[in-house]
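Thanks for coming, everyone. I have one structure to walk through today. Take a look at it first.

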Amino acid sequence: EDLLGIAQSRCPKDPGDGERLNELVRKWKAGPQQAPDDLLEWYDNLLDSYVSWDDSCESLATPADAPSNRTLGWADWLFKERRVQLVASEDGLMLNTGVMLARASVWSWAFFQKVRWMTFGRSPVTQHPWWEQTAMVYLLQFPFVLAAASDPAVAAKSQGYATAWSALGQKTINGYPPLVSSALLTHTTFEPGDFIVSFSGCKI
């Protein structure tokens with residue numbers, strides 16, 4: 001109940017965008033009717049036509065000096081969204097992508113497509129030891145840190161990551177078996193009553 005409350009906290013009257021999401025997914029799977037000059041650009045245009053932010057939830061302004069990269073997904077949809085779309089915790093080193101809650105929304109669809117696109121071609125993400133965690137950090141944290149670093153006024157108000165992500169402490173979502181946590185001091189121990197016990201990265 002606490003986790004669901006977090007997901008609704010910034011816009012409790014948000015009706016969701018289930019119909020728009022279903023329509024987007026249908027068009028996404030169908031693909032273009034004619035072969036486009038640039039297939040990824042076609043999908044980018046499709047995402048742009050559906051991704052929006054709800055002004056009734058006091059959408060945020062994109063910082064003037066915010067980094068922009070359409071391929072990576074650094075655009076208004078990422079900066080302006082105020083509604084919680086992802087509930088995820090930290091792990092021993094960074095963002096925990098093994099256990100998270102994601103809202104069924106157009107925003108989440110766009111987010112995970114951008115994560116996937118970072119693995120296309122000869123991407124360094126595919127060879128990175130943190131795999132999809134790296135791509136998610138590039139979306140949820142990196143552009144916001146860069147925006148704050150370029151403008152002291154932005155830094156004063158910035159939390160350093162996307163407002164669409166509700167960042168929780170590791171123990172809020174998952175702990176680790178005592179054998180794992182005793183060997184890796186950055187991992188907290190699971191206790192009865194915790195939400196879930198995680199064995200991610202367990203090599204012991």
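Predicted model: local features only at pLDDT ≥ 70, side-chain atom pairs only at ≥ 80, totals over all residues.

Let me start with one residue. Q133 is buried, at a relative accessible area of 12%. The cut-off for buried is under 20%, so 12% puts Q133 inside it.

Where does Q133 sit? It lies in helix 6, residues 132–140. What does Q133 touch, leaving aside residues up to four places away in sequence? D91, M94, L95, N96 and T97. With L95 there is a polar pair. A polar atom of the Q133 side chain lies 2.6 Å from the backbone oxygen of L95.

Now the whole of helix 6. Seven of its nine residues are buried, so helix 6 is largely enclosed by the rest of the structure. Those buried residues are Q133, T134, A135, M136, V137, L139 and L140. What do they pack against? Three helices are on the list: helix 4 (76–80), helix 5 and helix 7 (142–150). Strand 1 (86–90), strand 2 (95–102) and strand 3 (165–168) are on it too.

Next, salt bridges. How many are there? The count comes to three.

Take E23 and K27. They form a salt bridge, with the closest N and O atoms 3.7 Å apart. The two residues are four apart in helix 2, residues 18–30, so about one helical turn separates them. E23 is partly exposed, with a relative accessible area of 33%. K27 also counts as partly exposed, at 39% relative accessibility.

Then D44 and K114. Here the closest N and O atoms of the salt bridge are 2.6 Å apart. This pair links distant parts of the chain: D44 is in helix 3 (residues 39–50), K114 is in helix 5, and they are 70 residues apart. Buried or exposed? D44 counts as buried, at 8% relative accessibility. K114 counts as buried as well, at 2%.

The remaining pair is R83 and E81. Their salt bridge has its closest N and O atoms 2.8 Å apart. Both R83 and E81 are buried.

Which residues make the nonpolar surface patch of about 250 Å²? L101, F195 and I196. I196 is found in strand 5, residues 196–197. At 32% relative accessibility, I196 counts as partly exposed. Patch residues need over 30% relative accessible area, so I196 qualifies at 32%.

Now zoom out to the chain. It has ten helices and five strands. Of its 204 residues, 41% count as buried. Take the contacts with a separation of 6 or more: residues 24 or more positions apart account for 60% of them. The chain exposes about 11,700 Å². Carbon and sulfur atoms supply 56% of that area.

Last, confidence. The mean pLDDT of the chain is 77. A value of 70 or more is reached by 77% of the residues. Where is confidence lowest? In helix 1, residues 2–8, at a mean of 51. Confidence is highest in helix 5, residues 106–117, at 89. Helix 5 is also where K114 sits, and it is one of the elements that the buried residues of helix 6 pack against.

That's my tour. Happy to go back to any part of it.

Definitions and conventions:
Residues numbered from 1 in each chain as written. Heavy atoms only, no water. Buried < 20%, exposed > 50% of the residue type's maximum accessible area, 1.4 Å probe, protein only. Polar contact = N/O pair within 3.5 Å; in protein donor to acceptor, adjacent residues only side chain to side chain. Contact = heavy atoms within 4.5 Å. Patch = residues over 30% accessible without salt bridge, like charges linked within 9 Å, V, L, I, M, F, W, Y side chains within 5 Å. Areas by Shrake-Rupley, 256 points an atom, 1.4 Å probe, with all protein chains shown as cover. Salt bridge = Lys/Arg side-chain N within 4 Å of Asp/Glu carboxyl O. pLDDT = per-residue confidence, 0-100.
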